[in-house]
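I opened this notebook to keep a record of what I looked up, one entry at a time. Each entry takes up one part of the chain.

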Amino acid sequence: MKENKLIYLDHAATTPLDKEVFEKMTPYFCEQFGNADSPHAFGRKSMLAVDSARDSVASLLGAKPSEIYFTSGGTESDNWAILGGAYAKKREGRTRVLLSSIEHHAALSAGERLQKQGFQVEYLPVNEGGRVALREVESRLGDDLALVCVMAANNETGVLQPVSEMAKTVRASGALFFTDCVQFAPYRKIDVKELGADMLSFSAHKFFGPKGVGVLYIRDGVRIEKLVGGGEQERGLRGGTLNVPSVVGLAAAYEKTVRSLQETERKLSELKTRFLQGISVLDGVKINGDVENALPALLNLRVDGVENTALLFNMDLKGVAIAAGSACASASVKPSHVLLAQGLSEEEAKSSVRISFGKDNTAEEIDRALEIFVETVQKLRALNAVKNS
């Protein structure tokens, strides 16, 4: 492999659009361009494609087509589930909401909005491995509880949460349980009956589908207020002209993803192990998060003596793309709220980077990225030693 070839290790932020998926989307841009809600032949063809995509996604999730709603992505789905669910439960006198302290910024922002509107919002702590204890949820149940939100897999560390057990407990109390599956869906099979959540979300661009389209699953019988008004689309709950090409792309990408889950798991596990073995030559590098309960695709590393911004910049100069955390917070100079919640100091959080592997990465790429990573860390540490001497 040529040394100047760019190496992408930031798949938790986004993934490239699969070429087969793009081919399936193409006719709906220029040829079959009708508005899916128009009553004529052009509209009917588009709606047929949407219905087919909805059926496909529902089948893969073990859900009913009527439980699948298409959105603009994970951020909208999270906001809709949390706000819409809380608003609906307020009618029952339930005005308290629980969010895990490591949720995506979309969920945390929705929580802040609810707080401003008079809801009591509480945050569930995590242990040093980044997991929420079931007993923490159980201890906060009550007749005033509206909704609990705990993500299935964290987007910065890949740590998995015991959401099935939580969902069962929360639903039995009369509250709603929502889980963000945006990072979970690309790597684990979702069966909505086994998972047991009232609502769950995911986004196509995390599994080689198009950007700007996502899913919100809402279990039959769950009442939720609309978030986006303006039309009768999506059974009157989500206004706006359907993005037909992207809906088709989401379904195609998800079907391909589910079909290859075992193969992807095996390959990513091998790549992760290879990278960890390679960095063992460096002292002062630690994994952030529960190693035994994490996705194979993500690796969050604390590199003592190195600021993550300097490490990212120098890796990028050498053609390797990694991240400091969530892409949604990349412009922020604040340390990761996820790592702080796990008990890291601000200095430790600012010395941490996220490396996320993809199905198209090769062992050769990993070896080259390792070489650059080790060289860069050693160089930055040497510079810091001179600066501090």
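**Entry 1: the whole chain**

I noted before anything else that this is a predicted model. I then looked up the secondary structure, and found that the chain comes to 14 helices and 12 strands. For the overall form I took the radius of gyration, which is 22 Å, and this agrees with the value near 21 Å that a compact globule of 389 residues would have. Along the principal axes, the C-alpha atoms fill a box of roughly 70 × 55 × 35 Å.

I also looked at burial and surface. Of the 389 residues in the chain, 56% are buried, and the chain exposes about 17000 Å², of which carbon and sulfur atoms supply 51%. Among contacts between residues at least 6 apart in sequence, 75% join residues at least 24 apart. For the charges I wrote down 47 positive and 50 negative side chains, with the centres of the two sets lying 3 Å apart.

**Entry 2: helix α11**

Which residues of helix α11 are buried? In this helix, which covers residues 308-317, I found Asn308, Leu311, Asn314 and Met315 to be buried. They cover an arc of only 135 degrees around the axis, and therefore they sit on the same side of α11. On the other side of α11 I found Thr309, Phe313, Asp316 and Leu317, which are exposed.

I next asked what covers the buried residues of α11. The cover includes the strands β10 (298-303), β11 (320-321) and β12 (352-356), together with the helices α13 (346-349) and α14 (363-388). After α11 comes Gly319, and I noted that its phi is positive, near 90 degrees.

**Entry 3: helix α7**

Gly174 follows α7, and its phi is positive, near 95 degrees.

**Entry 4: two residues in the loop between β8 and α9**

I turned to phi angles, keeping in mind that most residues other than glycine have a negative phi. Glu234 has a positive phi, near 50 degrees, and it lies in the loop between β8 (214-218) and α9 (244-259). Arg235, which is not a glycine either, has a positive phi of about 55 degrees and lies in the loop between β8 and α9.

Are these residues buried or exposed? Glu234 counts as buried, because its relative accessibility of 5% is under the 20% limit. Arg235 counts as partly exposed, because its 41% falls between 20% and 50%.

**Entry 5: Val248 in helix α9**

I looked up Val248, which lies in helix α9, and found that it is buried, with a relative accessible area of 12%. Leaving aside residues up to four places away in sequence, Val248 touches Lys24, Tyr28 and Ala49. The C-alpha atoms of Val248 and Ala53 are separated by 5.7 Å, although the two residues are 195 residues apart along the chain.

Where is Asn288 placed? I found it in the loop between β9 (285-287) and β10, and it is buried, with a relative accessible area of 4%. Beyond residues up to four places away in sequence, Asn288 touches several others, among them Thr157, Asn300, Arg302, Leu339 and Ser352. From C-alpha to C-alpha, Asn288 and Thr157 are 6.8 Å apart, while in sequence they are 131 residues apart.

Gly343 is found in the loop between α12 (337-341) and α13, and I noted that at 60% relative accessibility it counts as exposed. Gly343 and Gly129 are 214 residues apart in sequence and 9.2 Å apart in space, C-alpha to C-alpha.

Not counting residues up to four places away in sequence, Asp360 touches Phe208, Lys267 and Glu365. Asp360 and Lys267 are 93 residues apart in sequence, and their C-alpha atoms are 9.4 Å apart in space.

Methods: Residues numbered from 1 in each chain as written. Predicted model: local features only at pLDDT ≥ 70, side-chain atom pairs only at ≥ 80, totals over all residues. Heavy atoms only, no water. Rg over C-alpha atoms; globule rule 2.2 N^0.38 Å. Buried < 20%, exposed > 50% of the residue type's maximum accessible area, 1.4 Å probe, protein only. Contact = heavy atoms within 4.5 Å. Areas by Shrake-Rupley, 256 points an atom, 1.4 Å probe, with all protein chains shown as cover. Lys, Arg positive; Asp, Glu negative; His and termini not counted. Charge placed at Lys NZ, Arg CZ, Asp CG, Glu CD. Arc of directions from axis to C-beta.
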